[in-house]
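Let's take a walk through this protein, starting with a pair of helices and then moving on to its pockets. Keep the 3D view open as you read.

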Amino acid sequence: MNQEIKLRNVKVNDAFWSEKQRLITDVVIPYQEAILNDEIENVEKSHAFANFRIAAGLEEGEFYGMVFQDSDVAKWLEGVAYSLVVKPDGELEKRADAVIDVIEKAQQPDGYLNTYFTLKEPEHRWQNLHECHELYCAGHMMEAAAAYYEATGKDKLLRVMERMADHIAGQFGPDKKSGIPGHQEIELGLMKLYHATGNEKYSDLAQYFIDERGKNPDYFREETEKRGWTHFGLDPSDTKYNQSFAPVREQKTAEGHSVRAVYMYTAMADIAGKTGEPELLQACETLWDNMTQKRMYVTGGIGSTVDGEAFSIDYDLPNDTVYAETCAAIGLVFFARKMLDIHPSGKYADVMERALYNGVLSGMQLDGKRFFYVNPLEVEPEISGKLHGYKHVLPERPGWYSCACCPPNVVRLLMSLGKYAWSSSEDTIYSHLYLGGSASFTQAVIDVESSYPWEGRVSYTVKPVREEQHFVLAVRIPSYAKECRILLNGEEWRNTVTEDGYVYLPRSWQTGDKVEVTFSMPVRKIYCNTAVRENEGCVALMRGPFVYCFEGVDNGGRLQELRIPENAEFTHSVMDTEPLKGMTAVEFDGIRVHSREELYSEEKPAQEKVRMKAIPYFAWGNRGKNQMKVWMLEK
């Protein structure tokens with residue numbers, strides 16, 4: 001079991017990611033703070049901060065928002081915690097401390113914390129686990145508490161959430177009434193409490209919720225009948241929706257609501273890593289393989305149907321009615337990272353990178369003020385967001401949502417990126433992502449210079465804690481990097497050992513030793529399994545970790561008229577105009593077909609040669625409303 005690196009031991013200085021983190025610290029976090037405080041006009045009202053002030057008795061008013069509104073504050077606080085490590089900000093920390101003071105005052109004498117049930121339905125506490133997200137909100141606030149403690153050393157929120165955890169333990173457990181959350185998240189929060197405090201009662205409670213799920217598939221139906229009221233009107237007999245159809249160790253396919261699923265899988269992997277239980281680990285591996293090999297989009301998006309925001313069946317991956325929620329791609333990154341702690345393998349790291357650079361980044365506008373909930377692979381502005389069956393697929397990012405789970409989720413992931421780039425064991429340091437900057441371990445400090453993701457060039461300069469310190473540096477090599485050179489101090493490394501996508505470099509290291517990794521990054525054509533009916537005869541383009549897409553603004557006419565020639569010769573160049581300045585575009589000579597004005601004709605469409613241009617998928621939708629396609633017909 002590898003150890004997760006502390007965020008304070010990673011300093012990010014990366015041409016690509018530092019810009020994203022600066023955007024978040026300087027723009028996104030203040031913008032989201034203003035929204036949570038209802039200070040931004042012409043966006044969905046939040047009222048999330050006010051709910052806590054009212055529950056604390058600090059102002060008059062009524063609860064407003066979704067039953068899980070508290071989680072927006074929790075995720076914002078978690079993002080702030082990571083931000084304070086990346087970029088210390090005394091004023092922001094004071095404001096976060098003030099929010100935490102209010103949260104503490106809103107906590108009830110018995111440790112209970114939830115503004116919806118405190119203000120609106122106190123008589124219904126813990127009666128509707130199926131729909132009402134009490135455990136979900138608690139889990140997110142526990143994650144925030146652990147992060148804030150790690151970032152600042154301040155334990156006020158940690159103690160608040162330990163009291164809440166103790167309250168929950170008094171309600172549910174082997175010796176109490178049975179219970180499982182309708183939306184998994186408490187398991188993640190409890191494991192974060194365990195990692196922060198070392199107290200195994202929290203990991204034991206997390207495992208209880210994992211072990212209990214699916215033992216009684218009728219649990220939510222029985223709960224509904226007992227209470228006799230509903231909140232959203234969810235169908236308690238739909239056991240796949242919340243993965244309660246079978247015990248987790250017996251589940252073989254990724255089912256139901258995709259965010260619920262990957263949050264649960266992440267907790268399963270975290271627990272399996274702690275306990276070493278083979279059966280639970282095998283379940284994680286089985287679910288990972290099904291999800292990533294048969295139910296994942298090329299962008300790392302998951303969840304192919306709006307019906308339940310869910311997985312459907314193997315190879316059902318529609319492009320224009322897709323769901324692919326931003327939170328689901330983020331959850332996939334969480335799951336991948338926990339699997340890497342158990343077994344460093346390219347099959348996990350490659351997917352983590354794919355989701356991060358595509359399905360996650362696409363969720364936020366380049367200016368940091370607009371966000372996607374759904375991440376389609378094809379958009380037609382006159383259909384998407386308008387017609388029945390397409391209304392969830394928006395052609396432009398909105399400023400905020402009434403259900404605003406995704407925007408602060410993006411923040412907390414990207415600000416904690418250092419945790420995903422590195423890990424270590426007693427004798428090995430693992431580099432999972434090419435993140436420029438430095439990382440400190442018990443064996444050494446490693447400085448990284450990275451030209452990634454635009455070029456395949458990265459170097460590691462090692463500063464061991466003592467001369468001739470022996471350890472292994474394990475560097476992940478992307479599966480697409482067919483020709484990779486490893487240099488040590490300018491000379492070819494002859495003794496490389498490659499295993500599961502990592503090159504292992506054992507050595508007694510000296511100060512200044514420099515490892516250089518280089519590989520070419522040609523434009524790659526990606527073909528889909530023929531079982532995916534929507535993509536048969538089509539091709540997608542990738543370069544490095546990026547999936548590319550075509551927008552109407554670059555290509556004119558109708559995108560469906562364009563064809564990628566089988567023998568296309570691709571070029572790539574750096575764009576020089578905003579808002580895509582500095583990104584690499586792909587261009588080539590393609591084909592456009594022209595049909596007659598008639599709806600149907602016996603005449604074959606005419607065709608002409610045209611110049612085609614593709615941009616990184618994550619950047620689409622930043623130049624106004626227009627068509628977008630990832631998969632294009634090949635000719």
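The axes of α11 and α12 come within 9 Å of each other and cross at roughly 145°. Keep in mind that you're looking at a predicted model. As for handedness, the crossing in which α11 passes α12 is left-handed.

Zoom in on where these helices touch. On the α11 side you'll find V262, Y265, M268, A269, I271 and A272, and they meet L280, L281, A283, C284, L287 and M291 of α12. Sort that contact by class and you get 12 nonpolar residues, with no polar and no charged ones.

The largest pocket has a volume of about 1000 Å³. Its lining is made up of 41 residues, and E4, K6, H195, K338 and K419 are the ones nearest the centre. The largest share, six residues, belongs to α8. By class, the lining splits into 14 nonpolar, 12 polar and 15 charged residues.

The second largest pocket comes in at about 660 Å³. Look for T292, M296, Y297, V298 and R354, which lie nearest its centre among the 32 lining residues. Here α12 (278-294) turns up again, giving two or more residues to the lining, as do α14 (346-360) and β15 (524-526). This lining has 17 nonpolar, six polar and nine charged residues.

Technical notes:
Residues are numbered from 1 along each chain as its sequence is written. This is a predicted model: local features need pLDDT of at least 70, side-chain atom pairs count only at pLDDT 80 or more; totals for chains, interfaces and linings use all residues. Side-chain values use heavy atoms; hydrogens and water are left out. On a 1 Å grid over the protein atoms alone, a cavity is a set of points where a 1.4 Å probe fits but cannot get out, and a pocket is an open set with protein on both sides within 12 Å along at least five of seven lines; lining residues have an atom within 4 Å of a point. Grid points are joined across faces, edges and corners, and a volume is the space filled by probe spheres set on the points. Helices (H or I, at least four residues) and strands (E, at least two) are DSSP runs, numbered from the N terminus. Ala, Val, Leu, Ile, Met, Phe, Trp, Tyr, Cys and Pro count as nonpolar, Asp, Glu, Lys and Arg as charged, and the others, Gly among them, as polar. Axes are lines fitted to C-alpha atoms, for helices over the stretch in contact, and angles run from 0 to 180 degrees between N-to-C directions. A crossing is left-handed if the near helix is turned anticlockwise from the far one by less than a right angle, and right-handed if clockwise. Contact means heavy atoms within 4.5 Å.
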